[in-house]
Amino acid sequence: MIAFRGFSPPGYLLAVMLAANAGNPSLEAQTGTLATEENFRAEPNGVLLGQLMEGTFWGVGEFTGNWVQLDLEGWVWTRSLSVVDRNGFDLVVSEEGGENLRSSPQGSVMARLEEGTLLNEVERVPGWVRVERSVWVWSESVDVSGETSAGAPRTPPAARFRRTGDGGGTLLSAPDGDTLASLSPTSDLEVLAREGNWARVRLEGWTWLPTLEDDPSEAGSSSISDATPAQVTADPGAFRGELVEWKLRFISLERAEKIRTDFYEGEPFLLTRTVTDEAVYVYVAVPPERVDEMSGLAALELVTVVGRIRVGSAALTGSPILDMLELRRAP
């Protein structure tokens, strides 16, 4: 997958505006548009509840420090919800792996709700429930405006594109991870997702192909290794960066919690298991733009994954982690 790459952009002018207008009642009628895909939480720096899609917009509430409160509202498939009476909420997302929040029954996806997210029911139609709740989002990821109905998608604002300053920048494999490259001054970057002061970015360019083919250090980098998951976990350092193709049994689509230090918080991944007698669990990191595609996988479905080994043995579980490059479903 495209790694979550380090980049510390200067604060948006918007952040200054938000701070200056904190507590201004007139802002309550405004909407906030997501400049990038962003996590939302129960409270500032609180429990992760899900992700809002880039280009969607929502009613704006209050501001606290670097956080803005948004009014979340949309439609969820009834079978993915259960009735509760907890902390003032009457519904909870009970579907394993979470569920989509849509603009209308079977409409466009506006957000992804984590399993366990508490909600309030607004209305119900056959098969669908309209729900709502207040959530908190990192304010620099929200472009505040004022004239459109909350929830509907629109063209993403220009704030998704950033440029390095006169001092250039550094591209990392993950927040506080290994250095991948140095960025020249005024390099243009596309911001794909935000996590606090970190941004996952896309940088495109050209390189001379014969140089890559003739460089001995690159030999075999695109060749698929015959290493098995059991071999990788037995000697994790020897296989890092190797390209592998493994047949796996899909179990669930998950989002990484803060304790999973080999992922960035909220990063989507597949929990899978090998189909051999070794019974090794394998985590497959999913590019955010392919999460909806992965949501269609059925439990215990057989898939073939081509990926690059990010970690041979995860710190928390000892399982290998792949950065997914390709996934093929069994016919």
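## Confidence

The protein chain averages a pLDDT of 79, and 79% of the residues score at least 70. Here pLDDT is the predictor's confidence in each residue, from 0 to 100. This is a predicted model: local features need pLDDT of at least 70, side-chain atom pairs count only at pLDDT 80 or more, and totals for chains, interfaces and linings use all residues. Residues are numbered from 1 along each chain as its sequence is written, and side-chain values use heavy atoms, with hydrogens and water left out.

Confidence is highest in strand 21 (residues 281–285), at a mean of 95, and lowest in helix 1 (residues 13–20), at 38. Helices (H or I, at least four residues) and strands (E, at least two) are DSSP runs, numbered from the N terminus. Over residues 1–28 the pLDDT is below 50, yet this stretch has 64 contacts in the model beyond near neighbours in sequence. Contact means heavy atoms within 4.5 Å. Residues 214–221 also have pLDDT below 50, with three contacts beyond near neighbours in sequence. Where pLDDT is low, the predicted coordinates should not be read in detail.

## Nonpolar cores

The largest nonpolar core has 25 residues. Such a core is a set of buried Ala, Val, Leu, Ile, Met, Phe, Trp, Tyr and Cys residues joined through side-chain atoms within 4.5 Å. Buried means under 20% relative accessible area, exposed over 50%, partly exposed in between (1.4 Å probe, protein chains only). F40, L52, L70 and L101 have the most contacts inside this core. Elements giving it two or more residues include strand 3 (48–52), strand 5 and strand 11 (128–138). Another core, of 22 residues, lies apart from it; V232, V303, V305 and L327 are among its members.

L52 touches residues including L34, F40, W58, L70 and V137, not counting residues up to four places away in sequence.

## A buried serine

S80 sits in the loop between strand 5 and strand 6 (81–86). S80 counts as buried because its relative accessibility is 0%. Leaving aside neighbours within four places in sequence, S80 is in contact with V92, V93, S94, E95 and E99.

## The second largest pocket

This pocket has a volume of about 450 Å³. Of its 24 lining residues, E95, E96, G98, R112 and S295 are the closest to its centre. Strand 19 gives the largest share of the lining, four residues.

On a 1 Å grid over the protein atoms alone, a pocket is an open set of points where a 1.4 Å probe fits, with protein on both sides within 12 Å along at least five of seven lines; lining residues have an atom within 4 Å of a point. Its volume is the space filled by probe spheres set on the points, which are joined across faces, edges and corners.
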